[in-house]
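Please go through the points below with the structure open beside you. They are meant to be read in order.

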Amino acid sequence: MIPSIEVADLWKRFRLYHENYGTLKSALLQLWRNRSEDLWVLQGISFQVFPGETVAVIGPNGTGKSTLLGLLGRVLRPTRGTAVARGRVSTLLDLGAGFHPDLTGTENLYLNGCILGMSRREVDRKRESIIAFAELEKFIDVPLRNYSSGMAMRLGFGIAIHYEPQVMLVDEVLTVGDDHFQAKCYRQIEALQRGGCAILFVSHDMAVVRRVATRVIWLRDGRIAGDGHPDQVVDAYLGAVAAVGGGG
Amino acid sequence: MLNDLRELVRYRELLITLVARDLKARYKRSVLGFFWSLLNPLVQIATLTVVFKMIMRYGPANFGPFLFVAFLPWTFFQLAVMDASTAVPSNVRILKRVYFPREVLPLANIGANLIHFLMAMVVLFAYLAFWVGVSFSWQQLLFLPLIVLLQTLLVTGLGLAVSCASVYYRDVHYLVTVGLSLLYWASCIFYPLYSYDQGGTVVKGLSDSPFWFVAWINPLVPLVTLYRQAILTNAAVPDGGMGVEGQLLARLAVFAVAMLVGGYALFNWRKWEFPELT
């Protein structure tokens, strides 16, 4: 089987610029000086994810979880190695990212769908179904500024789900919304799993990780510290957190 | 660069949607809507006419049309470049989450401003035809789409360069503001390029001044002059040296193409770094 996500010897370096970077004056003043420090966020990561797998990425803050998602979503470029997600890749947007507060729900639906990579015709086709999923029939012609954060999240999740992704990248957003909608989201995620979608999600909520993931990857200091069955890796991770008091 | 272009074509629907977002969002909750974008140049033209014509008693006859024809392209240029300088930073949140060719952000702003400009031009023609009573020369008007196209290329190139540079240096935004107010006075908006005789008195143009060289380094000088020649040829607002259109057109075209290629190359060279910097 061809892996949906293939990461091979992935390295990512960020340049940390010092404080007054960003003005022409400081650029001129520091021409001859070393302006930056290198930070290797990912240091030689390799793994594969196959269709139908749901992989949770866990680990303390600053260990490169979001960077990994950014590299797979082609937002960032690897410094070395490769990170490939095959097929239709959907990213669950931040609350409100890609939404415009002055536009109505429908207008934002088109905007957000196109940002994700849908054609307008595709949005035309799926519009009703997205609105029904998000339970926003009554509010769809209201400007987004009047939405609650939960309503905006429902709309965003509805669009991402209806993209019919083959790979779904989720960064810390699953925990929003009321119980009713969360249950609905989990059902959708299970449907995606059965349909062969590969899901990679970042979470700090170990209960969610144990419930949803079929496999867990534990990142520590830019390297893989554990990769395997959710209960095993989560227990090892929690053990390390308890022992060191920081998990890293 | 060819690959970048192909990718941009693939994402054309996103570009169209973003242009629509710009146009829709700008005038939500406003009564006058599009007319606000006309009101600004109108007020400026009225003010300038009062100052130059009635107080200082300067300038060519038909000063109103003379200004109006230059002012709308100028407004397009100014707003498009200003918007481009904030295009990338104001969309950081999507930029960091989803992949799409980053150039759609400044291009969407430029597209929205182009549409505004074209709508304003319709109003200009109505004003010239029914209020001033200008009779147009159709042969000259045929040049108009070409001039608009060249201006759009010029604005696009400059907009891409500015929006890329603004990610790296905050100063760019301020630099653009200062640069635009300098260009405002250096682009033949209030005075002609070539001097001409007007019933005994000579209206002095840029080419007879110590600053004649500005006509060679500022692409807006041929641009504005060409708009005047194309629209106002028969309107008793001569701009001297007839038959120089070809040369002006060539000058403008060189600037426009160079700016477009340079700006696009610069943007593509750096666009991968944007999410790491903003």
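1. In this predicted model, strand S3 (residues 54-58) and strand S8 (residues 215-220) of chain A run in the parallel sense and are joined by four bridges. One residue pair to look up is Val57(A), whose bridge partner in S8(A) is Ile217(A). Strands of a sheet pair through backbone hydrogen bonds, in either a parallel or an antiparallel way.

2. Both strands belong to an open sheet of six strands in chain A, in the order S5-S6-S7-S3-S8-S9. The pairing across this sheet is mixed. Strand S5 (89-91) and strand S9 (223-228) of chain A stand at the edges with a single partner strand each, so one side of each has no neighbour in the sheet. From one strand to the next, the twist averages 20 degrees.

3. Asp221(A) is found in the loop between S8 and S9 of chain A. Is Asp221(A) buried, partly exposed or exposed? Its relative accessible area is 48%, and Asp221(A) is therefore partly exposed, as exposed would require over 50%.

4. Of its 248 residues, 53% are buried. Among the contacts in chain A with a separation of 6 or more, 73% are between residues 24 or more positions apart. The accessible surface of chain A is about 11,400 Å², and carbon and sulfur atoms hold 50% of it.

5. In chain B, take Thr75(B), a residue of helix H4 (residues 63-87). Why does Thr75(B) count as buried? Its relative accessibility is 9%, and the limit for buried is under 20%. A polar atom of the Thr75(B) side chain lies 2.7 Å from the backbone oxygen of Phe71(B).

6. A last point concerns confidence. Chain B has an average pLDDT of 87, with 95% of the residues scoring at least 70. Over residues 235-241 of chain B, pLDDT stays under 50. The model has 19 contacts beyond four places in sequence for residues 235-241 of chain B. Where pLDDT is low, the predicted coordinates should not be read in detail.

Methods:
Residues are numbered from 1 along each chain as its sequence is written. Chains are lettered from A and ligands numbered from 1 in the order in which they are written. This is a predicted model: local features need pLDDT of at least 70, side-chain atom pairs count only at pLDDT 80 or more; totals for chains, interfaces and linings use all residues. Side-chain values use heavy atoms; hydrogens and water are left out. pLDDT is the predictor's confidence in each residue, from 0 to 100. Contact means heavy atoms within 4.5 Å. Two strands pair if DSSP finds at least two bridges between them. Helices (H or I, at least four residues) and strands (E, at least two) are DSSP runs, numbered from the N terminus. Axes are lines fitted to C-alpha atoms, for helices over the stretch in contact, and angles run from 0 to 180 degrees between N-to-C directions. Buried means under 20% relative accessible area, exposed over 50%, partly exposed in between (1.4 Å probe, protein chains only). Accessible areas come from the Shrake-Rupley method with a 1.4 Å probe; for residues, only the protein chains shown count as cover. A polar contact is a pair of N or O atoms within 3.5 Å; within protein, one must be able to donate a hydrogen and the other to accept it, and residues adjacent in sequence count only if both atoms are side-chain atoms.
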